[in-house]
Amino acid sequence: MNEVKLTSVKVITELYKKFKNKTIDDEFSLQKLVNRTLDKFVHDDEFCKDILKHENLHQSGSKF
């Protein structure tokens, strides 16, 4: 297994609740989502561009 980096992030509470509700039956974790998203961000230029342009989130104290 690859070396892992333990980190913590702040997530928007309402989005996290919706994520948990949507993935509860699939046993899909936030850790899986983050690792897969990081991989796509690094290796998929179109995905990276889409994420960098995404502005649908509301700011509240942190830079989301």
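The protein exposes about 6600 Å², and carbon and sulfur atoms supply 53% of it (Shrake-Rupley method, 1.4 Å probe).

Mentor: Keep in mind that this is a predicted model: local features need pLDDT of at least 70, side-chain atom pairs count only at pLDDT 80 or more, and totals for chains, interfaces and linings use all residues. Residues are numbered from 1 along each chain as its sequence is written, and side-chain values use heavy atoms, with hydrogens and water left out.

Trainee: What does the secondary structure come to?

Mentor: Three helices and zero strands. The pattern along the sequence is α-α-α. Helices are DSSP runs of H or I with at least four residues, strands are E runs of at least two, and numbering starts at the N terminus.

Trainee: How much of the protein counts as buried?

Mentor: 5% of the 64 residues. Buried is under 20% relative accessible area, exposed is over 50%, and partly exposed is in between (1.4 Å probe, protein chains only).

Trainee: How do α2 and α3 cross?

Mentor: The axes of α2 (residues 30-43) and α3 (residues 45-53) come within 6 Å and cross at roughly 110°. Axes are lines fitted to C-alpha atoms over the stretch in contact, with angles from 0 to 180 degrees between N-to-C directions. The two helices are therefore roughly perpendicular (65 to 115 degrees).

Trainee: Which residues make that contact?

Mentor: From α2, Thr-37, Lys-40, Phe-41 and His-43; from α3, Asp-45, Phe-47, Cys-48, Ile-51 and Leu-52. Contact means heavy atoms within 4.5 Å. They divide into five nonpolar, two polar and two charged. Nonpolar covers Ala, Val, Leu, Ile, Met, Phe, Trp, Tyr, Cys and Pro; charged covers Asp, Glu, Lys and Arg; the others, Gly among them, are polar.

Trainee: And Phe-47, what is it in contact with?

Mentor: Thr-37, Lys-40 and Phe-41, leaving aside neighbours within four places in sequence. The C-alpha atoms of Phe-47 and Thr-37 are separated by 9.0 Å, with the two residues 10 apart along the chain.

Trainee: New topic. Where is Glu-27 found?

Mentor: In the loop between α1 (13-23) and α2.

Trainee: Is Glu-27 buried or exposed?

Mentor: Exposed, with a relative accessible area of 67%.

Definitions and conventions. Angles under 35 degrees count as roughly parallel, over 145 as roughly antiparallel, 65 to 115 as roughly perpendicular and the rest as oblique.
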